[in-house]
Amino acid sequence: MSKVKGRILFFQLLGFLLGCAEGTTHDGFSLSDAPVKTQLERQRITIQNNDSSEDLWEWTTWFNIDHPDGNGDYERLDAIRFYYKERVCQQPKKIEARTTNWVPAAETGEIVHSSPLKGFWCLNMEQVPGKNCSNYSVRFLCLKACNMTCAVGHVNSECDACVCENHILHGVVRLADGAPASKATVFLKEKTWKTLTVSDKNGKFQVPGLCPDGKTTLHFKKEKYATASLTLPRRLNKLQRVEVRLKRAEKPYIVQNPETKARREGQAVSFCCDAVGKPTPEQYQWYHNETLLDKKLHRYDSTLVLRDLKLDQAGDYYCKAISEAGSVKSQIAKLTILTQDEPSCNSQPESYLIRLPHDCPQASSNSFYYDVGKCAISTCAGETHKGLRCKDTVPYCCGAVKLKEKEVQCNGYTLSIKVIAECGCQKCTQTKVIVRGRASAADDGEPMRFGHIYLGKNRIGMTGYKGTFSVQVSPETERLVLTFVDRLQKFVNTTKVLPFNKKGGAVFHDIKLLRRTSPITLDSTKTNTVSLGQKQGVEPIAELEIPPNSFYRASGETYSGKVKASVTFLDPRDISTATAVQTDLNFVNDDGDIFPLRSYGMFSVDFTDESAAEVLNAGEVRVHLDASQIQMKEHLEMMKLWSLNPETGLWDEEGDFQVSKTKRGKREERTFLIGNMEIRERRLFNLDVPESRRCYVKVRAYRSERFVPSEQIEGVVVSLINMEPVAGFSSNPRAWGRFDSAVTGANGACLPAFCDEQRADAYSAYLTATLGGEELETVESSPKYNPNKIGVPQPYLNKLQYRRTDHDDSKLKKTAFSINVAKPNTNNAEENNGPIYAYENLNTCEEAPFSAAHFRFYRVEGYVYDYNTVPFNEDDPMSWTEDYLAWWPRPTEFRACYIKVKVNGPQEITVRSRNMGGTHPKTTGKLYGIRDVQTIHDMDQAGTSAACLEFKCSGMLYDQDRVDRTLIKINPQGSCRREKVNSMLQEYLVNHLPLAVNNDTNEFNMLAPLDPLGHNYGIYTVTDQDPRTAKEIALGRCFDGTSDGSSRVMKSDVGVALTFNCAEKEKGHQSIFQALQNSTGQDIASIAIQRSRNGRQQRRSFRRRSSGRRKINTS
């Protein structure tokens, strides 16, 4: 027998004995070795888990050293290595077997055994009677041969790095502010991650054996900090020193959200997402209707492209950006997919009622309302571009494509009106989004003069002398985060998240700032304590404890000496501080969702040296939170320390609290929550609890107490303050816990609020609303509820305990109300139609019909009426329609014009401007619109009132082809005569022909000036990107009678253009409009002639009486 044959028989016998010793299962598989298929799968998983790249491994060739004669087929690893030493590694990771006919072992039906460290064997005795094993070949997965070369040093045994025995690397790891970074781990990543060392308490480390070849890269990692990388520069020295700076880790933050789009079946669409953070997000995931999309199938990164769209691909899409610091989800983008024949926009307009002038009652409807229609709010299918852009180059919206002119019969005249006859897809109206406001002190209203405004790290503007500011918002902005910095250091730097109207227009925000607390002097070499909470009569909420020698300079050097410390605390036990809260109190959780926080206090910290010239940091600070101040005991275990990221407006977790019983100062032993923090680049901290019990509150705002759908106001800032009630006294709130704001849109606003399902009074809330800084009123709650007026039916209204602020004291303001935020009972139908919605039902809240329950605010003002021949909602610039008779000729620039009219007479009367085309051939004699306003009494002059009356400015029409000088007819609606015209205005009109005819002394006609004349003429003109803002500024100047001032008090003796004398009406005397309504056959001309005669007689009588009084006074 040959030696080879003998060795094979030996290995067969050895394999047989091993197989018998190991035993078999009932199905023939070895107890120690899994079946082939399972074994291969397990080995594949092992490889992927141990090594980051499969490129490190390779398969050997196939081996077949035995045949199934005798006891079976034995392809043992030790036998194969005996014959082929250089071709098989000692420790393979995986084995595969197949027959010589290329049939995988798992598919032969034979009982086989395998192990990557033993090999493969098949025993004839285990097969069905009369059948032997097949002839098998095997191969093994082994590490590739090392082909690595080193320019400096030599390759290590693992073939993944170069080694230089004589080289030593000395380094120090520092934080961004220069402080030493202790316990920072130093990694080397070649083919795998290797931990080399950890920095000591001084941030120092030492690593021998690295090669300074310009290629070796080290990575440094510390908790709460982003991983830093350093490539060793090429050096010949044996000793090398390096310094590394770590930056604070920041969770990803979405800076570009996917946009809502509409497409037709078969088209393509792209959604884009972009996020920033430290480190930069390295992975993006896309979801469709909450289901993760297969990345291999869709081949996406930060951009998702869908081609050949099917109807079932419609729905909600969002992305999730992921980094080692965390993850965040984008806003949801809705994709609408239409069939080829399906219209994007319903051609039939929806019903939309506008109010007609008070002398235009409609007998058919017995009302003053007329249906002009409006087009549904929808996105039209856009064009598919070859480049598949993130944003449609030309977005299309549903709008009016055909108007029909109608005539409305009024008392004595015919009113032209244009109604929407057909809707269709057209280019969306381009609008500008503006945020305006005023920054002032929360305590006394002192303005922050000439303060800086930052968007992220970029300064984008300044506040004015009165603290006012204006910021244009980029169309891509989803979340506007602004930081207000006082150059005079009177106020704490304040970061606000400001809601805005995405459809365009301006929103006004009143920014309240906390005054910076006067600094106290600390000794850096001693333990220092600072109290948090200055409310008189109550204990502080917490204390800061700063150990000795904790202060250090920006260079990292320990500071020794006196420290000036200014610690400003926002105490939630003082409800007046709620409006000064920073940001919207949200954080991003581990799943990437934005969640709310409930605050127990917020503090700003500033440390400087004794001369206040150098900013200092503090490395170790302890916070002692008095547990007795936490009234909701379930919050004790959830309390955390947070710090504000001023660029994102989101809060990041700093650390947890530990419960400890201790004695602070001279007080008795108490339970405290103790947390640790470092005061470095961030200076604003919060004591907060994540709160999951959330709801939404539905609110709408109106122009008047009529509460009709067409009089809803957009752009109103509604604020909600969450309150924590005192136990047993739900109507007496103890402290605020959260402050939220939202801006009303076409369907109102939904404000987030904490709520509870078990206890209706567990959480209460105060709600207020402002428009342009003006407070709106809400519906009364006493002496009894009026559910139809409040907007919420019974008995749910009783459960919510609606109370207006003047409920118990009529002297208080009427501009806020409180409610118990009782989560609706799903089993009670009356509670599932608003105004409180469960958090998961946000879409239901936002899309709720007008008939659904909601709370209401309304604007209180004197009689003001606007009528446009071409209907336009000034709160929604997107509703603008191209037409020669449009009041505003351009939707991106709005020019408001007012004339000041003075009235001598005891009564407040209504003054009307009738605005018609004057010199343009397309509009001559045609009505643009009507404006009515009631005069306001001058408090300083008896028998005198005045009005600021809007008229249509002269200028280019929508086609920008030629100018039209609007013909204005100003008519006081009473027994009045024109007494005086401003001499400068009269001179201007005479010098700028043509000149309007003024034969009737009851009115005044003029062709509106093209120039912005100013207060000396009694004309006030303001141009702005938002119509409401332009009107508010012009009105303020008109009331004040100046060209640069503003007032809410009417000053009737300055800046007047026209003066009318209106005789006192006799008792029971009717106006011309009332007489017209009550007349049976007379027309307006005959009534006017008769009333003119009567007026002349009254004025003669009035002059005689006045002359008599003067004689009496003289005598």
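Me: How many disulfides are there in this model?
Reply: The model is predicted. A disulfide here is a pair of cysteine sulfur atoms within 2.5 Å. By this rule, the count of disulfides is 16.

Me: How many residues apart in sequence are the parts that C345 and C398 tie together?
Reply: C345 and C398 are joined by a disulfide, S to S 1.7 Å. C345 sits in the loop between β25 and β26, and C398 in strand β28, so the pair ties together parts whose separation in sequence is 53 residues.

Me: Is C345 buried or exposed?
Reply: Buried means under 20% relative accessible area. C398 is buried. As for C345, the answer is also buried.

Me: Is the disulfide of C897 and C953 right-handed or left-handed?
Reply: The sulfur atoms of C897 and C953 are 1.9 Å apart. The torsion about their S-S bond is about 120°, so this disulfide is right-handed.

Me: Which strand holds C897?
Reply: C953 lies in the loop between β65 and β66. C897 pairs with C953 in a disulfide. C897 itself lies in strand β61.

Me: Which helix holds C1038?
Reply: C1038 is joined to C948 by a disulfide, S to S 2.1 Å. This pair links distant parts of the chain, 90 residues apart. C948 is in strand β65, while C1038 is in helix α9.

Me: What is the relative accessible area of C1038?
Reply: C948 is buried, with a relative accessible area of 4%. C1038 is buried too, and its relative accessible area is 0%.

Conventions: Residues are numbered from 1 along each chain as its sequence is written. This is a predicted model: local features need pLDDT of at least 70, side-chain atom pairs count only at pLDDT 80 or more; totals for chains, interfaces and linings use all residues. Side-chain values use heavy atoms; hydrogens and water are left out. Helices (H or I, at least four residues) and strands (E, at least two) are DSSP runs, numbered from the N terminus. Buried means under 20% relative accessible area, exposed over 50%, partly exposed in between (1.4 Å probe, protein chains only).
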